[in-house]
Amino acid sequence: MANTEPERVLLAHGGGGQLTNRLIRERILPSLKNDSLSELGDSACLDLESGSICFTTDSYVVKPLFFNGGDIGKLAVCGTVNDLAVAGSRPLVLTLALIIEAGLEFGVLEKILHSIGETARLNGVSIVTGDTKTVERGSADGIFINTAGIGVRLPGVHVGLDKIAVGDKILVNGTLGDHGMTIISQREGIGFESQLQSDCAGLAGLTCALFETVSGIRFMRDATRGGLAAVLNEMVENAAFGVEICEKDVPIKPAVQAAADMLGFDVLNIANEGKFVVVVSAEGADECLRICRDHALGRDAAVIGEVVDAQGVPLVELQTKMGGKRIVQMPYGRELPRIC
Amino acid sequence: MLDRIAKAQRVIEEACQAMGREITIMEVCGTHTVSIFRHGVRSILPDRLKLLSGPGCPVCVTDQGYIDAVLELTRRDDCIIATYGDMIRVPGKAGSLETCPSQAEIKVVLSSEDALQLARDNADKTVVFIAVGFETTTPATAVAVKEAAEEGVENFCVLSGHKLVLPAMRALLGGMNDRIDAFLCPGHVSVIIGAGAFQEIVDDYSRPCVVAGFEPLQIIESIAEICRQLSAGKPELKSLYGAVVTDKGNVAAQQIIEQCFDPVDGYWRGLGKIPGSTLQLKEAYRQFDAFERFGLSDEPGEDKSGCRCGEVLCGLIEPKQCALFGSQCTPEKPVGPCMVSSEGTCAAWYKYGRRN
Amino acid sequence: MCLAIPARIVELEADRAVVDAMGNRFKAKTTLLPEVKMGDVVLVHAGFAISLVDEEEAKETWELFAEIDKFEKTQNKVSG
């Protein structure tokens with residue numbers, strides 16, 4: 001019987017019976033091959049070197065599912081890897097929980113799974129355990145993904161907000177706003193055609209190199225939702241120090257700036273998926289910059305500012321291109337396009 | 001750029017010395033408010049020069065009654081509310097578009113054209129376009145109304161909150177705040193109405209009027225020009241945005257506004273009634289008027305107690321002089337529109353200036 | 001108000017245009033500028049072209065213009 005209608009996920013695929021088994025064996029396992037996962041146990045049992053671990057969890061609900069430079073699958077792996085990486089660990093294993101909307105085409109699901117498998121391989125991590133559920137049509141945007149990740153802590157690395165001191169330098173590993181503006185450019189209703197690409201990438205290779213080579217790294221955070229502005233404001237909350245950055249030193253692609261200008265967005269508030277902020281001692285800043293620039297994911301790295309005395313009110317201040325000063329506030333949490 | 005800025009700073013400094021008193025310049029464009037803050041312009045001006053933000057943010061001056069009318073519409077499941085992003089967080093009596101439990105679909109659009117397309121694509125619903133903005137934005141609404149009329153798109157209508165800048169400027173100088181020495185005139189409104197439209201302010205009130213662009217250099221050079229004129233005692237109209245502003249403006253845009261709208265008396269938040277300051281759809285296009293179609297009231301609402309947005313909008317007080325600023329009224333929980341709109345004076349102060 | 005940025009017309013049919021702002025292509029209506037042509041730089045606000053931009057004058061006074069010029073010569077280099 002000729003049937004041109006694409007095959008789709010049914011609610012029954014989440015029921016834990018035959019259909020679930022077939023889904024896992026026929027469609028999920030092939031992309032994520034590894035010994036641990038193939039056992040299909042309730043938990044993965046892992047032999048780790050003794051020491052301490054970093055442990056994280058994340059959920060991914062991005063729309064559209066596929067965008068220039070990535071997709072929800074790649075995002076899920078890189079996002080989890082990056083959370084582990086900036087905490088000073090070498091990412092090792094991930095869990096993968098899928099919540100699939102009934103009606104999602106299998107072709108789409110397989111593309112995403114393939115992307116997850118590829119990205120995991122590229123980043124040296126394994127998906128060791130997972131779960132699959134389905135929900136009724138209309139209850140999810142195609143697919144939601146949740147992950148948890150474990151990384152092995154790098155020896156001798158102690159980073160944290162409490163390590164930051166006046167005089168420290170602040171760096172980013174490249175251009176800001178690429179991911180968020182790319183997503184917006186492909187969003188229904190306010191989309192526009194562009195060459196913008198998400199910067200979605202796993203940063204562990206670069207962060208491990210930094211941690212292992214540069215002494216004096218105080219703090220690192222990936223600049224995802226809320227952008228650079230959120231990270232810097234989180235840093236100064238309840239702190240005894242403030243932050244000063246220089247507008248002319250913040251790397252932003254002209255196309256990203258123009259797109260943000262057209263819609264009335266502030267690039268400092270826009271999400272990134274392949275960028276981190278690192279606070280390093282003044283002595284370590286040059287080496288930090290050199291290592292970043294030598295790496296494919298840090299070519300446009302720059303020192304953007306420094307940690308200063310709070311003078312009673314811990315703030316993030318920006319020196320503008322014209323030599324003026326203004327404050328960078330914590331973003332509201334939703335950038336709305338404006339005409340006024 | 002930096003040497004031109006330094007030069008402008010020198011001119012400003014000299015003029016301030018020569019004048020020997022405080023100079024008050026008002027801008028009446030929300031985008032100027034934001035630009036001035038974003039680039040830290042005030043931080044490089046002498047203390048004696050006060051740069052006031054006036055009623056230039058169309059969202060801020062939109063009366064509470066209008067917002068409440070919009071929220072009324074959210075109770076209808078046969079409507080799609082198409083709005084610019086600016087309006088999503090503005091609070092009315094019962095919350096905002098963002099927080100209210102809406103039966104109507106709310107869609108953020110970038111253009112009146114998008115709103116009209118929504119109407120074409122959703123024949124079973126009525127699309128109400130929340131039309132706010134000054135003369136820069138009004139022609140876009142007019143074009144959409146005309147197209148709707150020509151094509152017979154009956155399920156499209158417009159809730160007009162469009163306002164005119166000059167009547168507000170006159171109301172300010174005519175009594176609300178006559179301490180204003182000069183105006184930094186809105187660059188993009190001028191694109192539509194022409195720089196020449198501000199000549200009447202110079203003639204009738206002897207105030208310098210300089211049309212400025214939105215980049216920090218353009219703004220500071222315009223301020224320098226104003227200071228020069230004040231110091232010389234010769235108020236003039238000057239445009240420093242010749243790249244896009246002409247004396248006559250965009251005649252096609254003016255005509256299309258004329259074809260679709262009549263100026264009527266209207267309520268401005270905090271400023272009260274200003275004659276001939278608001279635009280209403282003409283008789284010929286009344287079937288696209290959402291106020292009429294849904295029997296909505298355009299009576300002014302009451303401002304929340306303690307809210308001093310009106311005085312802020314007139315430039316009579318600075319945000320920090322309002323008791324609610326930074327405490328009960330913050331960007332997370334705004335009381336009045338000056339705090340909600342990204343262009344609102346209070347939001348800009350809070351966001352970019354030092355907190356209390 | 002009002003947010004408006006300059007962009008070059010790269011497609012034009014009747015009063016429907018596509019404008020390019022540093023490689024981003026947006027739709028814009030040219031109903032308010034009946035005399036525009038392909039290649040003109042216009043100021044775009046709320047999806048409408050509202051004015052022609054005098055490029056010579058703009059280069060003098062508008063820093064953004066220097067950037068546009070630079071961009072059109074060297075695609076997508078990092079700024080700042």
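Chain C contacts chain B through 23 of its residues, which meet 32 residues of chain B; a contact requires C-beta atoms, placed from the backbone, to lie within 7 Å. This is a predicted model, in which local features need pLDDT of at least 70 and side-chain atom pairs count only at pLDDT 80 or more, while totals for chains, interfaces and linings use all residues. Residues are numbered from 1 along each chain as its sequence is written, and chains are lettered from A and ligands numbered from 1 in the order in which they are written.

**Interfaces of chain C**

- On the side of chain C that touches chain B, two or more residues come from each of β4 (41-45), β5 (48-52), α1 (55-61) and α2 (63-73) of chain C; helices (H or I, at least four residues) and strands (E, at least two) are DSSP runs numbered from the N terminus.
- That side comprises 14 nonpolar, 5 polar and 4 charged residues, where Ala, Val, Leu, Ile, Met, Phe, Trp, Tyr, Cys and Pro count as nonpolar, Asp, Glu, Lys and Arg as charged, and the others, Gly among them, as polar.
- Between chains C and A, the contact takes 18 residues from chain C and 23 residues from chain A.
- β3 (24-29) and α2 of chain C each supply at least two residues of the side that touches chain A, and β3(C) gives the most, with 3 residues.
- The side of chain C that touches chain A has 10 nonpolar, 6 polar and 2 charged residues.

**Sheet of chain B**

- An open, parallel sheet of 5 strands runs in the order β2-β1-β7-β8-β9 in chain B; strands pair if DSSP finds at least two bridges between them.
- β2 (49-53) and β9 (237-239) of chain B are the edge strands, each with a single partner, so one side of each has no neighbour in the sheet.
- Neighbouring strands are turned by 20° against each other on average, direction ignored, with axes fitted as lines to C-alpha atoms, for helices over the stretch in contact, and angles running from 0 to 180 degrees between N-to-C directions.
- Strands β7 (182-186) and β8 (209-212) of chain B pair in the parallel sense over 4 bridges, and B:Leu184 has B:Val210 as its bridge partner in β8(B).
- Helix α9 (216-232) of chain B packs on the sheet, touching β1 (23-27), β7, β8 and β9 of chain B, and its direction makes about 170° with that of β8(B).

Definitions and conventions: Contact = placed C-beta atoms within 7 Å.
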